Amino acid sequence: MKTIPYRPVRMRRLRHSDMLRDMVAETTLSPANFVAPLFVRRGENIRRPILSMPGQFQLSPDIALDELGEMASRGIKAYILFGVVDPADKDDRGTHACDPDNAVCTTLRLARDAGIQMLAITDLCFCEYTSHGHCGVLARDSAKGRKSAHDRKKKSTSGRFVPPDAGVLNDETNENLARQAVLHAQAGADIIAPSGMMDHCIAVVRAALDRAGFPHKSLLGYAVKYASSFYGPFREAAESPPQFGDRRGYQMDFRRGAREAIREAKLDVQEGADMVMVKPAMPYLDILRAVADAVDVPCAAYQVSGEYAMFKAAASAGWIDERQCVLETMHAFRRAGASFIITYYANEVLEWLGN
Ligand code: PBG
């Protein structure tokens with residue numbers, strides 16, 4: 001008979017009981033780690049379901065305020081606002097983004113006046129506000145290129161070259177973002193999150209906030225944001241798909257690696273970002289780990305609309321245990337280095353954690 005060799009190491013020892021596993025757990029979830037996104041649109045008493053994101057709604061500011069009150073009582077400490085804009089309010093420069101009575105600013109003021117004890121974050125972008133759905137001013141619509149609609153039509157039918165980035169003008173867009181940021185700060189935003197992937201937008205927005213008397217408002221850079229098909233349901237939710245072309249001329253190419261991501265994150269930090277974000281989350285855990293290790297500011301993970309929709313679809317078909325799968329991914333984000341997580345699951349996660 002063969003003798004069994006002496007094996008002192010047994011990995012299973014520490015997996016022996018709940019108490020033991022809890023004692024040695026290295027990754028934790030706390031209510032303060034979660035940020036809940038909200039879609040707001042002008043009007044009253046609106047609670048319109050978003051079909052591709054079951055459980056998510058477009059809300060008018062009054063209803064959003066009720067929702068925020070409930071979230072606060074559940075222990076959620078932060079929310080991020082996205083504006084949904086009526087087609088009639090859209091134009092080629094996204095002027096409505098700088099209207100102090102738009103849905104985002106109105107919701108911020110209502111929340112501040114009601115004394116909601118949550119951090120207000122705003123997504124700073126133009127794609128929800130422009131008629132073409134791109135994240136900024138297009139070259140064809142710039143001040144010098146700005147002619148009549150008739151002229152533009154002539155140009156586009158003349159077979160003129162349309163650059164693959166749709167010609168989004170970087171620096172002109174940054175000036176508009178700065179204006180929008182000051183407006184958000186005035187309305188009560190605590191943290192502003194520029195998401196358009198324009199170069200140097202952090203520096204421009206930081207300077208504008210400081211000049212306007214808001215040196216204490218912090219910036220969360222969407223530093224590492226990939227051109228991702230996982231944003232599909234969001235574009236339905238925010239009614240903001242690009243009307244032509246795509247965003248690959250400004251958002252990142254997923255075939256690049258961690259070095260580019262680190263460079264993006266470090267640039268944002270140099271320009272004054274107080275925190276950076278990696279987005280999407282689940283397909284980019286390697287990037288999240290690399291960025292979290294490379295920068296000395298808190299790093300966030302954004303679990304985006306397509307990730308949420310996949311879980312919801314699989315769960316409704318009965319193919320996965322939604323709660324267990326979602327909590328597992330939340331731990332994965334934290335393990336990969338996320339200080340906090342922006343997720344449409346914020347409410348449910350808090351419920352599952354016993355809040
Ligand atoms: C705005 C913005 C988008 C998302 C967050 N901010 C859309 C995009 O870049 O196309 C996507 C979020 C999600 O999918 O949940 N630029």
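Trainee: In which helix is Leu267 found?
Mentor: The model is predicted: local features need pLDDT of at least 70, side-chain atom pairs count only at pLDDT 80 or more, and totals for chains, interfaces and linings use all residues. Residues are numbered from 1 along each chain as its sequence is written, and side-chain values use heavy atoms, with hydrogens and water left out. Helices (H or I, at least four residues) and strands (E, at least two) are DSSP runs, numbered from the N terminus. Leu267 falls in helix H8.

Trainee: Is Leu267 buried, partly exposed or exposed?
Mentor: Buried means under 20% relative accessible area, exposed over 50%, partly exposed in between (1.4 Å probe, protein chains only). The relative accessibility of Leu267 is 36%. Leu267 is therefore partly exposed.

Trainee: How many Å apart in space are Leu267 and Ile202, C-alpha to C-alpha?
Mentor: In sequence, 65 residues separate Leu267 and Ile202. In space, the C-alpha to C-alpha distance between Leu267 and Ile202 is 9.0 Å.

Trainee: How many salt bridges does the count come to?
Mentor: A salt bridge is a side-chain nitrogen of Lys or Arg within 4 Å of a carboxyl oxygen of Asp or Glu. By that rule, the number of salt bridges is 16.

Trainee: With which residue does Asp210 form a salt bridge?
Mentor: Look along helix H6: the two partners lie four residues apart, about one turn. The closest N and O atoms are 3.0 Å apart, and Asp210 pairs with Arg206.

Trainee: Which residues are linked with Arg41 in a network of salt bridges?
Mentor: One member, Glu239, lies in the loop between helix H7 (232-237) and helix H8 (258-271). Glu239 is partly exposed, at 28% relative accessible area. The residues linked with Arg41 are Asp86 and Glu239.

Trainee: What value is phi of Glu239 near?
Mentor: Most residues other than glycine have a negative phi, and most peptide bonds are trans. Glu239 has a positive value, near 50 degrees.

Trainee: What value is phi of Met197 near?
Mentor: Met197 lies in the loop between strand S6 (191-194) and H6. Met197 is buried, with a relative accessible area of 10%. Phi of Met197 is positive, near 60 degrees.

Trainee: Which residue does a cis peptide bond join to Lys279?
Mentor: Omega of this bond is about -10 degrees. The loop to inspect runs between strand S8 (275-279) and helix H9 (285-294). The residue joined to Lys279 is Pro280.

Trainee: Which side chain of opposite charge is nearest to Lys217?
Mentor: Lys and Arg count as positive and Asp and Glu as negative; His and the chain ends are not counted. Lys217 lies in the loop between helix H6 (201-211) and strand S7 (218-225). Lys217 is buried and has no salt bridge. At 4.7 Å, the nearest side chain of opposite charge is Asp190.

Trainee: Whose backbone oxygen lies 2.9 Å from a polar atom of the side chain of Lys217?
Mentor: A polar contact is a pair of N or O atoms within 3.5 Å; within protein, one must be able to donate a hydrogen and the other to accept it, and residues adjacent in sequence count only if both atoms are side-chain atoms. The backbone oxygen at 2.9 Å from the Lys217 side chain belongs to Ala189.

Trainee: About how much accessible area do Leu14, Met23 and Val24 have together?
Mentor: Patches take residues with over 30% relative accessible area and no salt bridge, joining like charges within 9 Å and nonpolar side chains (Val, Leu, Ile, Met, Phe, Trp, Tyr) within 5 Å. Areas come from the Shrake-Rupley method with a 1.4 Å probe; for residues, only the protein chains shown count as cover. Met23, in helix H1, is exposed at 63%. Together, Leu14, Met23 and Val24 form a nonpolar surface patch of about 290 Å².

Trainee: Which residues form a positive surface patch?
Mentor: The place of a charge is taken as NZ of Lys, CZ of Arg, CG of Asp or CD of Glu. Arg10 lies in the segment before helix H1 (18-24) and is exposed at 58% relative accessibility. The positive patch is formed by Arg10, Arg12, Arg13 and Arg15.
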